[in-house]
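Thanks for sending this one over. Here are my notes, point by point, to read with the model open beside you.

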Amino acid sequence: MFNKILIANRGEIALRVIRACRELGIKTVAVYSQADEQSLHVQMADEAICIGPSASKESYLRPDRIIAAAEIANVDAIHPGYGFLSENARFVEQCKAANITFIGPDPDAIRRMGDKAQARQTAMAAKVPCVPGSEGTLDTVGEALKVAQKIGFPVIIKATAGGGGKGMRIAHNAASFSKEFDAARIEAEKAFGNGAVYVEKYIEEPRHIEFQILGDRHGKVVHLGERDCSVQRRHQKLIEEGPSPFLTQSLREKMGKTAVKLAESINYKNAGTLEFLVDKHGNFYFMEMNTRIQVEHGVTEEITDIDLVKRQILVAAGEKLDLEQKDIKIVRHAIEVRINAEDPARNFAPCPGTIGLYYAPGGHGVRLDSHVYGGYTIPPHYDSMIGKLIAYGRNRQVALDRMYRALGEYTVKGIHTTIPFARAIMKDPVFRAGGATTKYIEDFMARTPKEIWLPGDGR
Ligand code: ADP
């Protein structure tokens, strides 16, 4: 087993990994940028090393600086968390060259699933249904328009390097196609330094349902059920829950088997997620794979009672998974709300700043994963998520009531957050009935008076 692990990340996920290491008796090394000196992950780790200035490009995205820190601290392994270098195959190779275990899949599996166009090809080779669309990326608008006309409008133009909902544009007809194609390319080039896009059918009002899988270094892959992440704003998840209120048991089993089959086809090791879109008829289409731990992994931990981050560490160390598919049971319902420092009144603009009074919710069935505290200043350089609140219980209704209660207790003064917005959703009849598709938030905002989802004084 590892003696010491470096966590190449910040915020709540860095803290999450530190907690898993503590329980396993492994020492931890935090890395941080100058903006994160006061961050909780720096204070909680056994050691901490500054790796550069505030900009991620100069710190958390610098493999050379992270590997230098790992060598100085003499660690056995690096946990990448999510985002930053977590899906960078080249970084995995650099770790290997430095004789450090990367806690995640092999570079080959990352490459085969890394970019979305490539992932589609990998899935098609494994005979997994994909959203109808282009074979690969498309260089010219003429070529792309031909594909769009063949599959039929509406279509979605997607950046192959995409993530976080960026580089995606919907075209409803041939007239608007070229404008949207250019917009997607420009946005992708700006966000990812790679403007390559492809085209697929736009599925109307689908659900986003993803399967958590776990593989060891001895060829075993199991799935740990699904998460329904349909509640999204601008293609970004806001609320996730498991099990999905939409899936029947037979569809669940079919999708779970498909997820395992696809992961096995690339000899996948460690934790990963297969994302699918499911239409109203129950047809499902593979969308992409995330070859890392995900933000919403805690939902799966609470519904299965399996600690995914500990399992990641154990399988990376070469341990055999002592879990059989038939033994993995969904024992309760869990729901997660992403708490973002954003202002719903200003179209959810990020609003970094200093937190004043802070009171975290607690009690039976409530879990909060967060790196912030009263007096903490949220730096403007990173994403706006300041924590994840999870509520769980015997069934969906209990979990939702508990979430409503916990959001009511959660006090974060001094900045705007998504707390009041999410709280209003917990009481919304459409959401309560399990009827949310990826269009849900748009509909909810259009039909619900603002006073219901905005706090009285704005803070
Ligand atoms: P990202 O990696 O940026 O999160 P995804 O490929 O996971 O992008 O897609 C994010 C969301 O965008 C999906 O959950 C869904 O709401 C929407 N989306 C993506 N592709 C399609 C599609 N073909 N049809 C309808 N919605 C889509």
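1. A word on classes before we start: Ala, Val, Leu, Ile, Met, Phe, Trp, Tyr, Cys and Pro count as nonpolar, Asp, Glu, Lys and Arg as charged, and the others, Gly among them, as polar. With that in hand, the shell around the ligand divides into seven nonpolar, eight polar and six charged residues. Please keep in mind that this is a predicted model.

2. Which residues come nearest to the ligand? Of the 21 around it, they are Gly165, Lys201, His208, Gln232 and Glu288.

3. Lysine 201 uses a backbone N or O atom instead, 2.8 Å from a ligand nitrogen. For isoleucine 203 a polar backbone atom sits 2.9 Å from a nitrogen of the ligand.

4. How much of the ligand does the protein bury? Taken alone, the ligand exposes 550 Å², and 95% of that is buried by the protein. The elements that each give two or more residues to the shell are β6 (155-159), β8 (197-201), β12 (270-278) and β13 (284-290).

5. Turning to the aromatic residues, the structure holds 15 aromatic pairs. One of them joins phenylalanine 91 and phenylalanine 102 edge-to-face, with 6.1 Å centre to centre and 85° between the planes. This pair links distant parts of the chain, 11 residues apart: phenylalanine 91 belongs to helix α4 (residues 89-97) and phenylalanine 102 to strand β5 (residues 101-102).

6. Phenylalanine 211 and phenylalanine 276 form another edge-to-face pair, 6.4 Å centre to centre with 85° between the planes. Phenylalanine 211 is in strand β9 (residues 207-215) and phenylalanine 276 in strand β12, so the pair ties together parts 65 residues apart in sequence. Both phenylalanine 211 and phenylalanine 276 are buried. Strand β12 also gives two or more residues to the ligand shell.

7. Finally, which residues form one aromatic cluster? They are Phe348, Phe421, Phe431, Tyr440, Phe444 and Trp453.

Conventions. Residues numbered from 1 in each chain as written. Predicted model: local features only at pLDDT ≥ 70, side-chain atom pairs only at ≥ 80, totals over all residues. Heavy atoms only, no water. Near = heavy atom within 4 Å. Polar contact = N/O pair within 3.5 Å; in protein donor to acceptor, adjacent residues only side chain to side chain. Areas by Shrake-Rupley, 256 points an atom, 1.4 Å probe, with all protein chains shown as cover. Helix = DSSP H or I, 4+ residues; strand = E, 2+ residues; numbered from the N terminus. Phe/Tyr/Trp six-rings, centres within 6.5 Å; stacked < 30°, edge-to-face > 60°. Buried < 20%, exposed > 50% of the residue type's maximum accessible area, 1.4 Å probe, protein only.
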